[in-house]
Protein chains: 2
Amino acid sequence: MLAKQERATNTSNVLRLDQPFSLFRGGVLTQTDIAYETWGQLSSNKDNAVLIFTGLSPSAHVASSTNDPNEGWWEFMVGPNKPIDTNRFFVVCVNSLGSCFGSSGPASINPNNGHPYRLDFPELSVEDIASAGREVVTALGIDRLHTVIGASLGGMSALVYCIMFSEEVRKLVSISAAVHSSPFAISIRSLQREIIRSDPAWNHGNYDSNSPPINGMRLARKLGLVTYRSSEEFNQRFGRKRKFKEQPISPPFSAEFDIESYLDYNANNFIDQFDTNCYLYLSRAIDWFDIAMHGGSVEAGLAKIKTESNLIIGVKSDFLFPITQQKEIVDLLQSNKLNTSFAPLDSIQGHDSFLIDQKNFAPPVREFFSD
Amino acid sequence: MLAKQERATNTSNVLRLDQPFSLFRGGVLTQTDIAYETWGQLSSNKDNAVLIFTGLSPSAHVASSTNDPNEGWWEFMVGPNKPIDTNRFFVVCVNSLGSCFGSSGPASINPNNGHPYRLDFPELSVEDIASAGREVVTALGIDRLHTVIGASLGGMSALVYCIMFSEEVRKLVSISAAVHSSPFAISIRSLQREIIRSDPAWNHGNYDSNSPPINGMRLARKLGLVTYRSSEEFNQRFGRKRKFKEQPISPPFSAEFDIESYLDYNANNFIDQFDTNCYLYLSRAIDWFDIAMHGGSVEAGLAKIKTESNLIIGVKSDFLFPITQQKEIVDLLQSNKLNTSFAPLDSIQGHDSFLIDQKNFAPPVREFFSD
């Protein structure tokens with residue numbers, strides 16, 4: 001398995017900015033940490049750097065390495081001879097600003113008072129995640145990225161990176177993203193946040209880190225799991241199979257169907273890993289995101305992108321970021337005469353397909369990076 | 001408006017059964033109330049009776065009448081000269097067994113001890129809703145229905161009525177229903193129930209009727225509202241419009257977008273009307289429903305239907321009961337040589353379309369009832 005596999009050299013670092021970091025909605029951080037990992041070697045002319053932004057919940061550990069053999073969240077995509085080939089590319093992945101895996105966020109200590117920020121952390125935008133990623137790129141001495149790539153929130157971050165730092169990127173890969181969140185997706189995330197805020201243990205953000213609002217987080221994560229996948233996948237994996245068939249069901253309303261056990265298992269795994277306030281901040285950043293804020297309209301925003309080539313990937317079974325949203329990006333980039341290819345994939349795992357469906361995802365990404 | 005409109009004569013009644021009523025999963029009610037309303041006149045040969053089953057939440061008040069001018073939940077469909085024409089048909093609508101608008105359910109007083117049933121109400125199935133409806137039909141002296149019709153849970157009730165009482169129905173109309181719930185739909189409803197059960201005010205079902213678990217109900221209803229409609233409708237109605245644009249948002253995470261205000265408003269309207277335990281029972285009945293329980297397979301179950309003609313309606317934007325599920329019913333009924341027509345509608349209101357989209361829904365129903 002992985003033990004026999006060739007692995008890239010990896011470094012895991014935290015960049016600390018002691019200069020004030022100004023946020024898109026007006027806040028300022030006096031001290032900012034940005035956690036990142038790298039794989040492979042930066043070329044002498046520094047032209048082979050690939051920056052990866054993550055979805056809402058992952059850390060910067062995108063792939064295993066000689067230093068950290070733990071499987072990464074995109075193991076099939078990044079590594080020696082993988083579609084993003086670390087024998088050729090110097091790959092950088094950042095933990096999003098606002099997250100809880102080394103980067104500054106609501107769970108971090110506020111250096112001004114020695115206490116966790118919690119809700120005193122300034123309002124966070126996708127633009128801030130992009131800017132924090134650019135700080136790492138700059139610190140690594142890279143003037144121009146070969147490619148910026150991301151999926152979901154990461155795809156939004158990659159898009160806006162190309163708008164904000166348009167001279168500093170050659171190529172863009174945006175996966176299962178959108179120029180802004182739809183009202184349907186907003187309604188799902190708003191409800192997740194309200195479920196969490198309704199847990200008395202949330203305590204307006206002032207929970208003890210030893211007793212977080214796990215019930216609210218579990219319920220919100222279940223809603224995430226349901227909307228990250230697809231009805232078709234659930235039909236194939238679970239159907240109406242059930243573990244518990246006794247009558248009457250005891251205790252009343254407890255889980256019977258396999259789909260319910262799946263949600264229980266996966267939600268319980270998540271709540272131990274992710275800080276609640278960080279989740280709330282990142283979730284809200286996705287709702288706020290709107291490329292129209294970069295010039296007055298979506299068209300004006302996308303017109304700022306000057307990449308040499310772009311790959312936009314979408315999944316037909318995704319109903320949270322439906323494929324019409326990726327097609328919209330393609331149409332607008334092409335109308336701006338940018339070299340843009342579209343990969344509408346038949347994956348059945350919905351919005352999460354990029355994490356799972358190597359068969360459909362690896363070929364277009366490999367081809368894009370092969371030239 | 002309605003004041004000038006011709007209205008049918010209406011009666012509102014409760015049928016009380018003092019004989020034991022045996023439930024599908026093994027329980028028994030010693031005394032059973034079944035609330036119903038009727039419109040129009042039963043013909044002398046009793047061949048013009050139409051039985052309507054409801055979705056999860058409505059009462060039996062399907063339309064306004066001379067006795068009760070309040071607008072009904074299917075006002076555009078039922079009345080004089082409407083698609084289900086009360087000048088021609090004797091229309092009966094029952095409040096589902098297990099509901100809280102006059103029929104026996106978890107909120108009713110248990111005649112054995114004088115206290116509300118709450119979770120002592122026996123396990124409820126869609127089959128029990130059908131059987132309770134049939135008790136009303138029998139009490140009204142009707143041997144054979146002209147048509148049984150329903151949407152959503154009501155469509156399931158109508159389907160299984162035709163299986164259980166196959167000699168007693170001439171025609172079937174099943175709208176936005178299925179032979180069983182998909183695992184995706186189960187996951188949504190299971191999560192709604194868990195959200196409610198997680199509200200401390202639920203208290204294992206033993207809440208005081210003056211202080212029900214309104215927070216859990218509100219959150220569960222919001223999830224219902226999101227999944228009863230469609231992304232396309234939300235795009236058209238709400239887009240990214242917002243009422244509150246101030247920065248920073250105060251209090252943190254409060255509603256900004258119009259879609260969030262819409263969910264707030266509608267969920268708050270619902271929680272005053274519907275008993276929580278009744279909601280839990282009816283929601284679970286939908287998950288349990290499986291026509292395969294009537295003969296060992298879905299095919300064997302549907303093979304028991306002997307109607308003269310059927311109309312199956314589905315909506316292309318419905319992702320809770322997707323149109324593939326209605327097509328499945330059509331294919332199986334047609335393979336049994338039953339005269340079955342299919343109306344796949346372009347409504348954009350998702351699962352709830354039957355309540356709203358008169359333009360698409362009225363014509364096929366009017367045509368079906370016109371012959």
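Biologist: Is A:Asn203 buried, partly exposed or exposed?

Modeller: This is a predicted model, by the way. A:Asn203 sits in the loop between H3 and helix H4 (214-228) of chain A. A residue needs 20 or more other C-beta atoms within 10 Å to be buried, and 12 or fewer to be exposed. A:Asn203 has 14 other C-beta atoms within 10 Å, so the label is partly exposed.

Biologist: What is the phi of A:Asn203?

Modeller: Most residues other than glycine have a negative phi. A:Asn203 is not a glycine, yet its phi is positive, at about 55°.

Biologist: And A:Ser176, is that one buried or exposed?

Modeller: A:Ser176 also lies in a loop, the one between S10 and helix H3 (183-198) of chain A. Its phi is positive too, near 50°, in a residue other than glycine. With 32 other C-beta atoms within 10 Å, A:Ser176 is buried.

Biologist: Which helix gives the most to the side of chain B that touches chain A?

Modeller: The contact takes 42 residues from chain B and 42 residues from chain A. On the chain B side, the elements giving two or more residues are helix H3 (183-198), helix H4 (214-228), helix H5 (231-237), helix H6 (258-271) and helix H7 (276-288). The one that gives the most, with 12 residues, is H3(B).

Biologist: How many of the residues on that side of chain B are nonpolar, polar and charged?

Modeller: As for where they sit, 100% of the interface residues of chain B are also interface residues in chain A, so the copies meet through the same surface. The chain B side divides into 21 nonpolar, 11 polar and 10 charged.

Biologist: Within chain A, how many residues of domain 1 are in contact with domain 2?

Modeller: Chain A is divided into domain 1 (2-182 + 290-370) and domain 2 (185-282). Their centres, taken over C-alpha atoms, are 26 Å apart. Domain 2 of chain A puts 17 residues into the contact, and the number from domain 1 of chain A is 24.

Biologist: What do those residues of domain 1 divide into?

Modeller: We're looking at the side of domain 1 of chain A that touches domain 2 of chain A. The charged ones number 2, and the rest are 11 polar and 11 nonpolar.

Biologist: Which strands stand at the edges of the sheet in chain A?

Modeller: The sheet is open, with 8 strands in the order S1-S4-S8-S5-S9-S10-S11-S12 and mixed pairing. From one strand to the next, the twist averages 20°. An edge strand has a single partner strand, so one side of it is left without a neighbour in the sheet; in chain A that goes for strand S1 (10-17) and strand S12 (340-345).

Biologist: Which residue of S8(A) is the bridge partner of A:Tyr36?

Modeller: Strand S4 (residues 32-39) of chain A and S8(A) pair in the antiparallel sense over 4 bridges. S5(A) and S8(A) pair in the parallel sense, over 4 bridges, with A:Val50 partnered by A:Val91. For A:Tyr36, the partner in S8(A) is A:Val94.

Biologist: Which residues of S8(A) point the opposite way from A:Phe90, A:Val92 and A:Val94?

Modeller: In a regular strand the side chains alternate between the two faces of the sheet. Strand S8 (residues 90-94) of chain A is mostly covered, with 5 of its 5 residues buried. A:Phe90, A:Val92 and A:Val94 point one way, and pointing the other way are A:Val91 and A:Cys93.

Biologist: Last one: is B:Ile313 buried or exposed?

Modeller: B:Ile313 is in strand S11 (residues 309-315) of chain B. Not counting residues up to four places away in sequence, B:Ile313 touches B:Ile175, B:Ser176, B:Gln326, B:Ala343, B:Leu345 and B:Pro364. With 28 C-beta neighbours inside 10 Å, B:Ile313 counts as buried.

Note on methods: Residues are numbered from 1 along each chain as its sequence is written. Chains are lettered from A and ligands numbered from 1 in the order in which they are written. This is a predicted model: local features need pLDDT of at least 70, side-chain atom pairs count only at pLDDT 80 or more; totals for chains, interfaces and linings use all residues. Two residues are in contact if their C-beta atoms, placed from the backbone, lie within 7 Å. Domain bounds come from an automatic or database domain assignment. Ala, Val, Leu, Ile, Met, Phe, Trp, Tyr, Cys and Pro count as nonpolar, Asp, Glu, Lys and Arg as charged, and the others, Gly among them, as polar. Two strands pair if DSSP finds at least two bridges between them. Axes are lines fitted to C-alpha atoms, for helices over the stretch in contact, and angles run from 0 to 180 degrees between N-to-C directions.
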